[in-house]
Amino acid sequence: MALIVVALVVILLRAWSTGEYAITPGNATNVAPLVTVTGLASDLTSDRIMLVDVYLQPLSELQFLWMHFQSHVQFVNADQLLDPGIPSSQLTSQGFLQMSDSQEYAEVAALRALGWTIPDTPTGAIITAVASNTPAAQAGLHVGDEITALNATPVVSSCSLLGSLVHVSPNTTVRVTLRRATFSAAGVLRRGALVSIKVKVAASPDANAKTGCAQFPTAGPSYIGVVPEDGLSYSLPGTISVNTTNIGGPSAGVAMTLTIIDKLSRGSLTGHHVIAATGTIDPHGNIGDVGGVAEKTIAVERAGAQYFFVPQVEVATARSVANSSLHIIGVTTLSQVLAELRKLGGAAPVALTAPH
């Protein structure tokens, strides 16, 4: 008996050492009650279009063993969730940043689909991750911070951030100007006033690494240790907000986009069918793949949806667990989703407020 007790204590002391996470079915949530529109005419009656989430749980050794006896569980390693060198402590803030981006992209994609011209203005380089033991980590840079200048050089994109470092030698101290980001406990992103922070750049671990930037194709001699994305400001004709309290990640993009279109247009977008959707959305209406599709399919079934729109590359995964009453439809663009909905009896979107 004493031997068993000792073994149990050892396991409990190593409770967070597995590096494994469990993805389990979450909730399918009707998006319409979460959307608020001001400054644009909106339809008082809304279709039932559901976003679907999953639960992501870090596993102790005991939980890891117990979860293997549960159904509808996907196991993933921390390395599958994070880029190399990024600490797991950033997972939550990364998820909230992805949701913030997704909401903005959904608004833009929806308005453009309704005929609006939505101009954008470059604003900076937004930090999506900070690698451990790097100049950025040591200087206290955070996920969500938006870099707008390095020394006297304006930064208007992720590539321009790279360009501003090309002629900076390792071990040089630079002044980084940025807007600090904070996330509320519910995941709402706020950015403050501009601040200036000193950062001592380091020698790049791989000066020849490919960057994807045409003007600066390789990383160069110096780095600060962040993963950036382009910051853009969009000029919208009204104000649209989606209350996604405590939901992170980008996978609700398609569902939010469809709901906004439905809110701002005449008739039933879905032909009065109950639908769910998962997939990322970009401002041009392109749909990208997401994780946990099998578990999301289970959640959609439990919520009683008739049709589930998923990224085309994940159709097989969804169909492998779906019952016969749930129809899986693979898509790659917003225009394709709208065309499929018209086949189901949905109305072609016509904006209640004339676009310009």
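Biologist: What volume does the largest pocket have?
Modeller: About 1,400 Å³. A pocket here is an open set of points on a 1 Å grid over the protein atoms alone, with protein on both sides within 12 Å along at least five of seven lines. Volume is the space filled by probe spheres set on the points, and grid points are joined across faces, edges and corners. This is a predicted model: local features need pLDDT of at least 70, side-chain atom pairs count only at pLDDT 80 or more, and totals for chains, interfaces and linings use all residues. Residues are numbered from 1 along each chain as its sequence is written, and side-chain values use heavy atoms, with hydrogens and water left out.

Biologist: How many residues line the largest pocket, and which lie nearest its centre?
Modeller: The lining has 46 residues. Gly-95, Gln-98, Gly-248, Gly-249 and Pro-250 lie nearest the centre. A lining residue has an atom within 4 Å of a point.

Biologist: Which element gives the most to that lining?
Modeller: Helix 4, with eleven residues. Elements giving two or more residues include helix 4 (91–113), strand 1 (20–30), strand 3 (49–58) and strand 5 (120–130). Helices (H or I, at least four residues) and strands (E, at least two) are DSSP runs, numbered from the N terminus.

Biologist: How does the lining of the largest pocket divide by class?
Modeller: 24 nonpolar, 16 polar and six charged. Ala, Val, Leu, Ile, Met, Phe, Trp, Tyr, Cys and Pro count as nonpolar, Asp, Glu, Lys and Arg as charged, and the others, Gly among them, as polar.

Biologist: And the second largest pocket, how much space lies in it?
Modeller: About 790 Å³. Its lining has 34 residues, with Ser-100, Asp-101, Gln-103, Glu-104 and Leu-189 nearest the centre. Helix 4 supplies the largest share, eight residues. By class, that lining has 14 nonpolar, twelve polar and eight charged residues.

Biologist: Switching to cavities. How many are there of 30 Å³ or more?
Modeller: One. A cavity is a set of points where a 1.4 Å probe fits but cannot get out. The largest cavity holds about 30 Å³ of space.

Biologist: What lines the largest cavity?
Modeller: Leu-40, Ala-41, Trp-116, Leu-264, Ala-351, Leu-352 and Thr-353. Six are nonpolar, one is polar and none is charged.

Biologist: Back to helix 4. At what angle does it cross helix 7?
Modeller: Roughly 40°, with the axes coming within 8 Å. Axes are lines fitted to C-alpha atoms, for helices over the stretch in contact, and angles run from 0 to 180 degrees between N-to-C directions. That makes helix 4 oblique to helix 7. Angles under 35 degrees count as roughly parallel, over 145 as roughly antiparallel, 65 to 115 as roughly perpendicular and the rest as oblique.

Biologist: Left-handed or right-handed?
Modeller: Helix 4 and helix 7 make a right-handed crossing. Right-handed means the near helix is turned clockwise from the far one by less than a right angle; left-handed means anticlockwise.

Biologist: Which residues make that contact?
Modeller: From helix 4, they include Met-99, Gln-103, Ala-106 and Ala-110; from helix 7, they include Gly-253, Met-256, Ile-260 and Leu-264. Contact means heavy atoms within 4.5 Å. By class there are ten nonpolar, four polar and one charged residues.

Biologist: How do helix 7 and helix 10 cross?
Modeller: At roughly 60°, with axes within 11 Å. They are therefore oblique to each other. This crossing is right-handed.

Biologist: Which residues meet there?
Modeller: Thr-257, Leu-258 and Ile-261 in helix 7 meet Leu-334, Val-337, Leu-338 and Leu-341 in helix 10. Six are nonpolar, one is polar and none is charged.
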